[in-house]
Amino acid sequence: MALDKDALTQHIRQQIPLADGMDFSISQLDEQGVTVHAPLSPNINVHGTGFAGSLYSLSALAAWAYTTHLVEQNGIDADIVMAQAEIRYRRPVVTDIECVCHCDAEVGTAFLQHLKQKGRARLSLVVEIGADDDVVFSATMVAIQRA
């Protein structure tokens, strides 16, 4: 059974202590994407802006949360891992952190079909932070069906 946004937030905060320290929460979750939120104050650097490590970690958690949700919503028992990721820090983040990850329905459907047929599939996702895409995180998520 798939977890709703509150249950998935709790699951992540319990399993990944860093998420709790960053005050991670999921504010929106559906089949097309996820929005992750964290206040700036526990994720601040010496310049008073978003700490690069927090921005990377929150983006990674957004991609993982979305992939997990998509797989669970479709009744598939699978392990989800991040195979590759890259981040571009274009401008400092000066407000609370909001990571937005969207996935086209066709891309999600193709990912799920491949996972069901082959037992393993890759999903490329982009997570954006800030109204002007101040930070852009690209990740390749891998799902491996459990036996």
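This report describes a predicted model, going from its sheet and the helix across the sheet to single residues and a pocket.

## Basis of the description

Because the model is predicted, local features need pLDDT of at least 70 and side-chain atom pairs count only at pLDDT 80 or more, whereas totals for chains, interfaces and linings use all residues. Residues are numbered from 1 along each chain as its sequence is written, and side-chain values use heavy atoms, with hydrogens and water left out.

## The sheet

Six strands form an open sheet in the order β1-β2-β4-β5-β6-β3, with antiparallel pairing. Strands (E, at least two residues) and helices (H or I, at least four residues) are DSSP runs, numbered from the N terminus, and two strands pair if DSSP finds at least two bridges between them. At the edges stand β1 (25-30) and β3, each with a single partner strand, so one side of each is left without a neighbour in the sheet. Direction ignored, neighbouring strands of this sheet are turned by 20° against each other on average; such angles are taken between axes, which are lines fitted to C-alpha atoms (for helices over the stretch in contact), and they run from 0 to 180 degrees between N-to-C directions.

## Strand pairs

The antiparallel strands β1 and β2 are joined by five bridges, and a hairpin links β1 to β2 through two residues. In this pair, Gln 28 stands opposite Thr 35 of β2.

Helix α3 lies across β1, β2 (33-38), β3, β4, β5 and β6 (135-145), and runs at about 145° to β3. Ser 54 belongs to this helix, α3, and with a relative accessibility of 7% Ser 54 counts as buried, where buried means under 20% relative accessible area, exposed means over 50%, and partly exposed lies in between (1.4 Å probe, protein chains only). Leaving aside neighbours within four places in sequence, Ser 54 is in contact (heavy atoms within 4.5 Å) with Met 22 and Asn 43.

Thr 35 has its place in strand β2 and, at 9% relative accessibility, counts as buried. Not counting residues up to four places away in sequence, Thr 35 touches Ser 25, Ile 26, Ser 27, Gln 28, Glu 98, Cys 99 and Val 100.

Ile 80 has its place in strand β3, and its relative accessibility of 12% makes Ile 80 count as buried. With neighbours within four places in sequence left aside, the contacts of Ile 80 are Trp 64, Thr 67, Thr 68, Val 71, Met 141, Val 142 and Ala 143. Ile 80 and Arg 91, although 11 residues apart in sequence, are 30 Å apart in space, C-alpha to C-alpha.

## Loop residues with positive phi

Asp 23 is found in the loop between α2 (17-21) and β1, and has a positive phi of about 60° although Asp 23 is not a glycine. With a relative accessible area of 34%, Asp 23 is partly exposed.

Asp 133 lies in the loop between β5 and β6, where its phi is near 50°, a positive value in a residue other than glycine. At 25% relative accessibility, Asp 133 counts as partly exposed.

## The largest pocket

The largest pocket has a volume of about 220 Å³. A pocket is found on a 1 Å grid over the protein atoms alone, as an open set of points where a 1.4 Å probe fits, with protein on both sides within 12 Å along at least five of seven lines, and its lining residues have an atom within 4 Å of a point. Grid points are joined across faces, edges and corners, and the volume is the space filled by probe spheres set on the points.

Of the 15 residues that line the largest pocket, Thr 68, Glu 72, Asp 77, Ala 78 and Arg 146 lie nearest its centre. The elements that give two or more residues to this lining are α3 (52-73) and β3 (78-89), and α3 gives the most, with four residues. By class, the lining has eight nonpolar, three polar and four charged residues, with Ala, Val, Leu, Ile, Met, Phe, Trp, Tyr, Cys and Pro counted as nonpolar, Asp, Glu, Lys and Arg as charged, and the others, Gly among them, as polar.
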